[in-house]
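Have the sequence and the structure at hand while reading.

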Amino acid sequence: MIDEIFLSQLKQSVDLFLPETILVATFIIALIFDLIYKNSRYLIAVISIIGLVFSGIFLVNQSTSSAAIFSGMLSFDPFGNFFKILILLTTIIIVLMSVFSKELYEGGRKTGEYYILIVGMTFGMFLLAVANNLIIVYLAIETMSISSYILAGYTKEIKRASEASLKYVIFGAVSSGMMIYGISLIYGLTGSLTFDAINSAMISSDISGLTLLIAGLMIIAGIGYKISAVPFHFWTPDVYEGAPITITAYLSVASKAAGFAVLIRFLKVSFFDSTNYANDEIWTLIGTIDWQIVIAILSVLTMTLGNLVALWQTNMKRLLAYSSIAHAGYILMGVVVMTDIGVTSVLIYFFVYMIMNLGAFLVVMIIANKTGNEDIQKYNGIGHKAPFVSACMVIFLISLTGLPPTAGFIGKWAVFTAVLKSEYIWLAVVGVLNSVVSLYYYVKIFRNMYIRNFEDDSEIYEFSPGTYILLIILAVPTLIFGIYFTPLLDWAESSVKIFLGV
Amino acid sequence: MLIDVPQEYYLILSAMMFVIGSVGVLTRRNAIIIFMSIEIMLNSVNLTFVSFAAFMGDTAGQIFVFFVMAVAAAEAAVGLAIVLALFRNKKTIYVDEVSLMKW
Amino acid sequence: MFTILGVGPLTWITFLPIVSMIILLLIPSGRDEKSKMVSHILFRWLTVLTTFLQLLLALAIYFNFDFGLTGINQQSTMQFVERVRWIEIQNLPLLGNLKIDYFVGIDGLSAPMVLLTAIVCFAASFASFGIEKGVKGYFAMYLLLDTGMMGVFVALDFFLFYVFWEVMLLPMYFLIGIWGGPRKEYAAIKFFLYTLLGSVFMLLVMIALYFAVGTFNMFDMMDPSKYDPSSILAGADTFWRYVAFAALFIGFAIKVPSVPFHTWLPDAHVEAPTPISVILAGVLLKMGTYGMLRISWPMFPDAVRYFQDYIAFVGMVSIVYGALCALGQHKVGKRDFKKLIAYSSVSHMGYVVLGMAAMNPEGMIGAIFQMFNHGIITSMLFMIVGVIYDRAHTRGLDDFGGLANKMPVYTGIMAIAFFGAIGLPGLSSFISEFLVFVGAFKTYPVLTIISGSGIILGAGYMLWTLQKVFFGKLPERWAGPWDPTGKKYKHDDLMPVEYAALVPLAIIIIYLGIYPIPITDLMNTSINHLIDFVKTTGSFAAHL
């Protein structure tokens with residue numbers, strides 16, 4: 001009976017979809033509770049955390065399964081699972097951070113919707129990480145984007161925030177318009193919207209030429225907007241500066257992760273010869289368009305521009321925005337390689353980047369809670385006023401620069417290893433030169449903290465124990481993974497397999 | 001009936017609409033008009049999808065169009081709400097006057 | 001090999017400072033004046049104790065060292081070896097099995113450096129007593145730096161080596177940046193950027209070497225038969241091998257520093273506080289030349305032979321240019337004592353590079369002995385500057401004169417260091433410079449003769465400074481006691497802490513000048529083997 005097969009497939013699909021289902025349930029429950037308990041300060045945050053943790057438990061349990069579900073719309077595989085766990089961890093940390101954010105709760109602002117939207121955005125990113133169909137890609141990107149437009153302008157009385165939100169929504173809408181135009185061209189060329197069907201259509205009918213290039217570039221532009229790759233990065237600094245710090249941190253890690261997940265999956269499943277996977281390690285491009293060069297150019301532009309413009313930033317959020325652009329460039333170097341080792345390095349880098357970047361933003365938030373803004377001048381003498389926080393900041397910044405013995409070094413090392421293995425020597429040289437440039441502006445931050453106005457007798461800032469715990473949660477792994485990184489490499493290595501469809 | 005018109009015509013029309021929309025986004029300064037231009041871009045995409053779907057006898061393209069329409073509505077709602085918030089703050093909806101942050 | 005609590009001496013000597021650093025960070029520094037003072041005394045003496053234990057360990061290692069074992073490229077003849085699997089991952093895509101070891105050990109090349117590091121760190125910890133601001137942070141960074149330096153000299157796994165190499169940068173940045181002079185920000189970031197620029201290229205070469213041999217073990221990287229023939233670094237005298245060697249060389253030459261990569265050094269030296277100048281000149285510069293001998297020479301013997309002439313030329317230029325710059329300190333407006341010594345360091349490290357390029361036992365032993373001597377002598381010179389800077393708060397050469405009458409003992413000790421720097425017979429650096437010249441003359445007669453002018457110029461600026469600062473008439477402003485209240489300086493001459501720092505170094509200079517065998521014998525076997533190895537492997541490879 002055909003129906004029974006369909007039913008059993010559906011049952012499997014629903015089973016595998018459990019983490020996402022829990023997120024949706026959390027979303028609805030939180031919405032109801034928010035209606036009932038209008039004035040509670042942390043209730044919705046607690047509900048969100050509980051939902052996220054439950055979702056995480058199921059996520060970890062299915063980390064080895066690999067299947068196409070919902071008739072090939074989504075493909076669940078270790079690769080997608082890795083990104084989902086990464087996004088989930090980020091979300092949990094962001095929710096915890098938000099609880100301590102002064103800016104968010106200022107003037108008795110209601111924050112119920114804030115946490116609800118974060119959960120909704122997480123759902124969108126989960127879908128994006130496993131999407132195997134361009135419709136799902138579009139829907140997931142929009143689910144995540146529309147939530148993030150609102151979140152970016154959540155502190156709506158602040159002029160900067162509403163401006164950021166407006167810029168975000170305009171750029172976002174245009175780039176998703178471009179992306180679906182590209183999708184429509186791909187659809188016209190191949191007659192299909194599923195990644196693997198696109199692949200088989202391209203193998204059988206040898207599609208190439210200008211139309212494919214334009215369509216591919218448009219889709220890459222749409223995704224590039226999410227990962228803020230140059231030249232699709234224009235919104236990034238403004239939005240990062242204007243949005244609440246927690247949301248800035250969230251966008252810089254989670255939405256980038258989701259973007260990279262779909263970029264790699266789309267490139268690998270659609271544009272590489274799936275019939276030639278006897279040797280899984282060598283990826284053969286279909287057609288005449290050299291996507292590697294396209295990505296390599298994007299990567300070089302992204303890291304170089306990000307680093308150079310970051311040099312003269314004076315606002316910490318903006319500086320970290322450009323730094324996150326530069327990091328997207330480093331991660332793209334891993335994508336350029338387009339082999340399993342490249343994907344492994346991307347995964348390693350991303351995990352490391354999550355920890356250290358969230359840490360840096362956490363410190364920015366803690367200090368902004370005290371000083372009221374994020375101007376780099378306000379960091380003068382912080383080294384003495386808040387010794388522990390500053391020491392953690394130094395660890396995060398050193399890690400962002402990529403110096404041992406921090407996790408950031410392991411990330412850089414993995415990426416350069418991948419690039420050198422495929423003998424893209426020029427790319428590796430550009431990469432290391434960029435990391436030297438980046439040192440200058442990271443050092444600028446702790447120069448202000450420690451070297452300028454370093455007085456022994458200034459006031460000492462007091463912080464709540466919660467912030468200290470969060471800091472330790474982020475700073476310790478930054479050091480540990482720099483010294484003992486076997487688990488990280490193991491996990492990344494086992495997550496590298498991308499499900500290729502049926 | 002639909003097939004009587006060659007497919008190129010649909011595609012050229014939709015490409016023209018897409019370009020008109022893009023140019024509108026790039027040149028106009030009024031946020032509302034920018035959103036309208038974006039709608040034109042999205043509609044050109046819809047046209048492409050529908051024509052491809054019709055000519056290939058495949059339904060996926062038409063389904064995509066429904067989603068695009070729904071999402072466009074949501075996006076417009078959020079966009080207009082943001083424009084409203086901005087207007088309360090700055091008493092303007094002209095994007096070139098929204099320039100607290102540069103570089 | 002002896003062990004303490006089941007752990008080998010090299011691990012102890014490397015990580016003892018880290019342990020002390022953690023203890024130190026746990027001691028609260030106190031809020032009120034009195035508890036602050038107590039905690040500062042505690043921090044100081046904890047550091048002295050740590051470095052003293054380190055020195056004892058280094059001496060224990062020295063006396064247990066077997067002078068007959070070669071080391072260099074022979075894993076079995078390394079001494080005090082400790083090897084523990086650090087990272088092991090099976091079947092990585094394309095990387096295969098990733099294995100990184102915690103692998104330390106020493107041979108005749110690194111043993112003098114370990115000894116030197118222990119001596120200099122111990123002496124500099126006394127010189128650190130003058131630090132008043134942020135004392136806790138200072139000593140924490142000092143100890144971290146100590147670990148980084150020691151680690152570089154004992155690491156035998158390239159990955160480990162690189163980690164230690166980079167660990168040093170951050171504490172050094174803070175030590176110059178926070179406790180430095182007026183242009184400390186500039187000097188600190190310049191140091192940081194220059195060194196990082198050098199080390200990122202080292203990172204790329206390290207990864208490329210890893211792909212060639214499949215491990216990070218230095219000995220495998222030295223063995224041409226272990227190279228994967230399909231790797232870009234396989235074979236000999238290939239384009240990529242030359243590029244890799246040049247990248248490594250620049251990385252190390254920045255640290256040495258050789259002209260034209262030397263411009264960070266004068267800035268860093270002038271701005272750094274005295275003890276940090278001491279460590280910078282005494283140990284950090286040696287890492288560059290040590291890295292060349294430990295990594296570049298044995299791993300790229302073919303490229304060394306190809307670039308040999310250029311390296312000798314770089315050495316010659318450094319000698320002459322450094323000496324001219326130091327001499328120029330007497331012509332132009334600002335005559336800074338520390339800058340003079342900084343440029344003399346560039347010049348003296350040039351001898352090391354020249355001796356290394358000569359590739360014969362005399363030159364090479366001279367070079368390493370010169371590394372050791374320069375470490376001791378320059379440390380002393382910087383401390384001497386520190387002594388008068390603490391008292392007079394100026395380092396201008398023109399501000400002084402006739403100090404010999406005011407501070408006779410100080411002048412006596414200073415003279416030893418000065419004559420040591422000139423290379424007077426009977427003092428240690430005479431032997432090393434002589435050996436370098438003998439060795440270099442055999443290979444590069446012309447370059448050596450030109451380099452000889454460095455000696456003459458060196459004598460010129462040193463004697464001139466000696467005369468200017470210590471003889472002649474004492475300026476009016478220094479006529480009274482240094483400290484009229486008598487609180488800090490009870491009399492005009494050296495204080496006990498300063499004796500503790502300077503006298504042992506002076507003794508070493510004289511002792512090794514008369515009887516250099518303890519150090520030269522230490523390295524003899526290894527260096528001869530290194531030269532043989534580079535020559536045979538390099539020329540063998542050339543005939544492939």
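## Dimensions of chain B

The radius of gyration is taken over C-alpha atoms, and the globule rule is 2.2 Å times the number of residues to the power 0.38. By that rule a compact globule of 103 residues would have a radius near 13 Å, but chain B has 17 Å. The C-alpha trace of chain B spans about 50 × 25 × 25 Å along its principal axes.

The model is predicted: local features need pLDDT of at least 70, side-chain atom pairs count only at pLDDT 80 or more, and totals for chains, interfaces and linings use all residues. Residues are numbered from 1 along each chain as its sequence is written, while chains are lettered from A and ligands numbered from 1 in the order in which they are written.

## Fold of chain B

Chain B has three helices and zero strands. Its elements run α-α-α from the N terminus on. Helices (H or I, at least four residues) and strands (E, at least two) are DSSP runs, numbered from the N terminus.

Of the 103 residues of chain B, 30% count as buried. Buried means 20 or more other C-beta atoms within 10 Å of the residue's own, with C-beta atoms placed from the backbone; exposed means 12 or fewer, and partly exposed lies in between. Contacts (C-beta atoms, placed from the backbone, within 7 Å) can also be sorted by sequence separation. In chain B, 46% of the contacts with a separation of 6 or more join residues 24 or more positions apart.

## The largest nonpolar core

A nonpolar core is a set of buried Ala, Val, Leu, Ile, Met, Phe, Trp, Tyr and Cys residues joined through C-beta atoms within 7 Å. The largest one holds 439 residues, and A:L128, A:A258, A:F350, C:V114, C:L204 and C:L209 touch the most other members. Helix α15 (residues 340–371) of chain A gives the most to this core, with 23 residues.

Leaving out residues up to four places away in sequence, A:A258 touches A:F83, A:I87, A:M125, A:L128, A:A129, A:M144 and A:K226.

## Interfaces of chain A

Chain B puts 33 residues in contact with 30 residues of chain A. On the chain B side, α1 (7–27), α2 (31–56) and α3 (60–90) each supply at least two residues. α3(B) gives the most, with 17 residues. This side divides into 26 nonpolar, four polar and three charged residues. Ala, Val, Leu, Ile, Met, Phe, Trp, Tyr, Cys and Pro count as nonpolar, Asp, Glu, Lys and Arg as charged, and the others, Gly among them, as polar.

Towards chain C, 32 residues of chain A are in contact with 33 residues of chain C. The largest share of the chain A side, nine residues, comes from α19(A). By class, this side of chain A has 19 nonpolar, five polar and eight charged residues.

How values were computed
Two residues are in contact if their C-beta atoms, placed from the backbone, lie within 7 Å.
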